[in-house]
Amino acid sequence: MLSLLLLMLLSHSRWVATANVTNGCNSIAKNIFILSGQSNMSGRGGVFNQTSSSGTVNLTWDGIVPPECQPNPSVLRLNGGLTWVEADEPLHKDIDVNKTCGVGPGMSFANKLKMDDPDIGVIGLVPCAIGGTNITQWVRGGWLYNEMIRRTKVALQGGGTIRGMLWYQGESDAIDLDDAKLYKGRLKKFFKDVRKDLELPTLPIVQVALATAPGPYMEVIRKAQLGINLPNVRCVDAKGLPIGPDLLHLTTPAQVQLGKMLANAFLQIENVFLPSSN
């Protein structure tokens, strides 16, 4: 019995060291970040069409993880089973399960924060993005919204603080003119609802202005995103970043750059509240 117990402890030593929420590692304060939106937040970097010998075309991730996205023992991910594990690409592999996931901005974001603020401690990423979703599918009370809030509240149970939300969505709303025109109001309500339900009225939110869209109204969506004027909400512009051959999803290098942009924007929000040294 003792030998079995020792074997179990050894096999789970790395898991425990990275602060499993269910094992009471509350002494490790996690800096929690919500990753939400649609496919470019979920990550399609390195995903390409592969034709089998039978002629079937399947989407496949190339498995290439750049240095900026390499795992770090102090960067965790709340997986699909609501367990904290060491984060690695693809972050949304067991969340956006109906799509082929690749590299997104989350790991680059976290590693950039670690580099710029070595004292930040453990970072906990909460992936929630689902590809192909419209903003109306993220309405308060809907399944996607409720699941995001539920996962975020579970993440808190192991100790930590919700530090911010990263949001990249809107491509699906660029298809229909009415959706595009209503987008700004819907997005503002979404941000306000998230803050209300998490009881964090000043939660930092960094959103991304679209780089691409499958419909003709991308500029209407971009104008809405860039025009959001709420406290502690910043917008980084993905336009001009490299896109893949599908003309919709960001490449792996683009996702790396986007993660750094998101980190810089978050730190700018944080610096507003830092006490003056004068």
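Start at I34: its bridge partner in strand 6 is V126. This is a predicted model, so keep that in mind at each stop.

**Stop 1: strands 1 and 6**

Select residues 30-37, which make up strand 1. Strand 1 runs parallel to strand 6, and 6 bridges join the two.

**Stop 2**

Pick R77 and look across: L125 in strand 6 stands opposite.

**Stop 3: strand 6 itself**

Select residues 122-127. Strand 6 is mostly covered, with 6 of its 6 residues buried. In a regular strand, side chains alternate between the two faces of the sheet. Which residues of strand 6 are buried on one side, and which on the other? V122, G124 and V126 are on one side. I123, L125 and P127 are on the other. Both faces are covered.

**Stop 4: aromatic pairs**

Next, show the aromatic side chains. The structure holds 8 aromatic pairs. Select F33 and F266, which form one of them. The geometry is edge-to-face, at 5.0 Å centre to centre with 85° between the planes. F33 sits in strand 1, whereas F266 sits in helix 8, residues 252-272. The pair links distant parts of the chain, 233 residues apart. Are these two buried or exposed? Both F33 and F266 are buried.

Move to Y145 and F190. This aromatic pair is also edge-to-face. The rings are 6.1 Å apart centre to centre, with 80° between the planes. Y145 lies in helix 5 (residues 143-156) and F190 in helix 6 (residues 177-197), so the pair ties together parts that are 45 residues apart in sequence. Y145 and F190 are both buried.

Together with Y145 and F190, they form one aromatic cluster.

**Stop 5: the largest pocket**

Finish at the largest pocket. How much space lies in it? About 380 Å³. Its lining has 24 residues. To centre the view, select R44, V47, L59, D246 and H249, which lie nearest the pocket's centre.

Now colour the lining by residue class. It divides into 13 polar, 7 nonpolar and 4 charged residues. Which element gives the largest share of the lining? Select residues 47-51: this is strand 2, which contributes 3 residues.

Notes:
Residues are numbered from 1 along each chain as its sequence is written. This is a predicted model: local features need pLDDT of at least 70, side-chain atom pairs count only at pLDDT 80 or more; totals for chains, interfaces and linings use all residues. Side-chain values use heavy atoms; hydrogens and water are left out. Buried means under 20% relative accessible area, exposed over 50%, partly exposed in between (1.4 Å probe, protein chains only). Helices (H or I, at least four residues) and strands (E, at least two) are DSSP runs, numbered from the N terminus. Two strands pair if DSSP finds at least two bridges between them. On a 1 Å grid over the protein atoms alone, a cavity is a set of points where a 1.4 Å probe fits but cannot get out, and a pocket is an open set with protein on both sides within 12 Å along at least five of seven lines; lining residues have an atom within 4 Å of a point. Grid points are joined across faces, edges and corners, and a volume is the space filled by probe spheres set on the points. Ala, Val, Leu, Ile, Met, Phe, Trp, Tyr, Cys and Pro count as nonpolar, Asp, Glu, Lys and Arg as charged, and the others, Gly among them, as polar. Rings of Phe, Tyr and Trp (its six-membered ring) pair if their centres lie within 6.5 Å; planes under 30 degrees apart count as stacked, over 60 as edge-to-face and the rest as tilted.
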